[in-house]
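This report covers a pocket, a helix packing and an aromatic pair. The structure is shown first.

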Amino acid sequence: MESSEVNGKRRRLVAGKLEEESGIKTACYPKDFKLICDALSRSKRDAVVEMGFGPLLEIGCIKLIRDLCEMFVDNFEVQQGRCTIKIHEILLSVNVADFERLMGVRNCGTQVELERCSGPDDMKELKRKLCGGNGDISIDSMKQRIVARQEADDIFKINFVLFTLVVLLCPSTPNTVDMKFLIALSDASSIGSKNWASLCFKHLVDGVVAYKDKRSGYMSGCLVFLQLFYFDSVGYSSSVVCKSVLPVIAWTLKKCKKMIDWVIREGGFHSTYVGVSNKAAAELCAASVQLNTQLPI
């Protein structure tokens, strides 16, 4: 058994992969999300596609390599509105366009409002409809209602997107449903017209900043995106997945393992022998000549 060290913490190399002895804590649960997606009827899946979240139904990357994600967070920098990640000693820009490209979650024109725009009675009534009573909205109750609901109606749509946000795209802490998202979902007919990618990317950036400041607690944000960003940036990725397929779908568990095994054979996650893709290199060149340009997040 070999050992490696990442950011001063011990890691064990077991069966061709890094096994965490300690790792970043997160409420991002892609496996739980995929299990719910697999249980949906055709009409419900059609409704998810109509709202703009269709690619997530086929999410392949359902396991987080937490020590790898922790390294990404450590190497994630936010300066003057510009975000970068250092991968194999190469500094890459990262922005909301990458979130759209990798996760398949789009910006559709309307800003996501999280401030209260409805009266308290309206929100109380919506919560009552979602809960089926006076109880609190919980992740477990959402799971049950998403699967059990007979029709792909507005209540299903709101439940599904709320669940998607709190367990995959914008998680914060385990078993916590941030009710501010319910404000953005109060009108089910407008869900498909909102800038969800911008919301998710901002939530991730805010989570990185807060986590690096405290170095404790749970990391907020979509760690699946960070993992996909790494896989997509490594030059060898074109030998593993079809680049015409959305990365959130293309990177299955089997292909993720193949990539990790290859990186380890090439010297590991800090190796300078692991090259980045042409696209990533192009982004780096563009960023280097616009160091003083503020990128939108």
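The sections below describe selected features of this predicted model.

## Second largest pocket

The volume of the second largest pocket is about 260 Å³. Its lining comprises 12 residues, and those nearest the centre are Val112, Leu114, Ser198, Leu199 and Lys202. By class, the lining divides into five nonpolar, four polar and three charged residues.

Two helices, α8 (180–184) and α9 (196–214), each contribute at least two lining residues. Of the elements involved, α9 gives the most, with five residues.

## Packing of α4 and α10

Helix α4 (residues 96–103) and helix α10 (residues 223–233) have axes that come within 10 Å and cross at roughly 85°. Angles of 65 to 115 degrees count as roughly perpendicular, and α4 and α10 are therefore roughly perpendicular to each other.

On the α4 side, the contact is made by Asp98, Phe99, Arg101, Leu102 and Met103. On the α10 side, Val224, Phe225, Leu228, Phe229 and Asp232 take part. The contact of α4 with α10 has seven nonpolar and three charged residues, and no polar ones.

## Aromatic pairs

Searching the whole structure gives 12 aromatic pairs. One of them joins Phe33 and Phe163, with ring centres 6.3 Å apart and planes at 20°. Planes under 30 degrees apart count as stacked, so the pair of Phe33 and Phe163 is stacked.

Phe33 belongs to helix α1 (residues 30–38) and Phe163 to helix α7 (residues 154–169), so this pair ties together parts that are 130 residues apart in sequence.

Notes
Residues numbered from 1 in each chain as written. Predicted model: local features only at pLDDT ≥ 70, side-chain atom pairs only at ≥ 80, totals over all residues. Heavy atoms only, no water. 1 Å grid on protein atoms, 1.4 Å probe; cavity = no way out; pocket = protein on both sides within 12 Å on 5 of 7 lines; lining within 4 Å. Points joined across faces, edges and corners; volume = space filled by probe spheres on them. Helix = DSSP H or I, 4+ residues; strand = E, 2+ residues; numbered from the N terminus. Nonpolar A, V, L, I, M, F, W, Y, C, P; charged D, E, K, R; others polar. Axes fitted to C-alpha atoms, helices over the stretch in contact; angles between N-to-C directions. Parallel < 35°, antiparallel > 145°, perpendicular 65-115°, else oblique. Contact = heavy atoms within 4.5 Å. Phe/Tyr/Trp six-rings, centres within 6.5 Å; stacked < 30°, edge-to-face > 60°.
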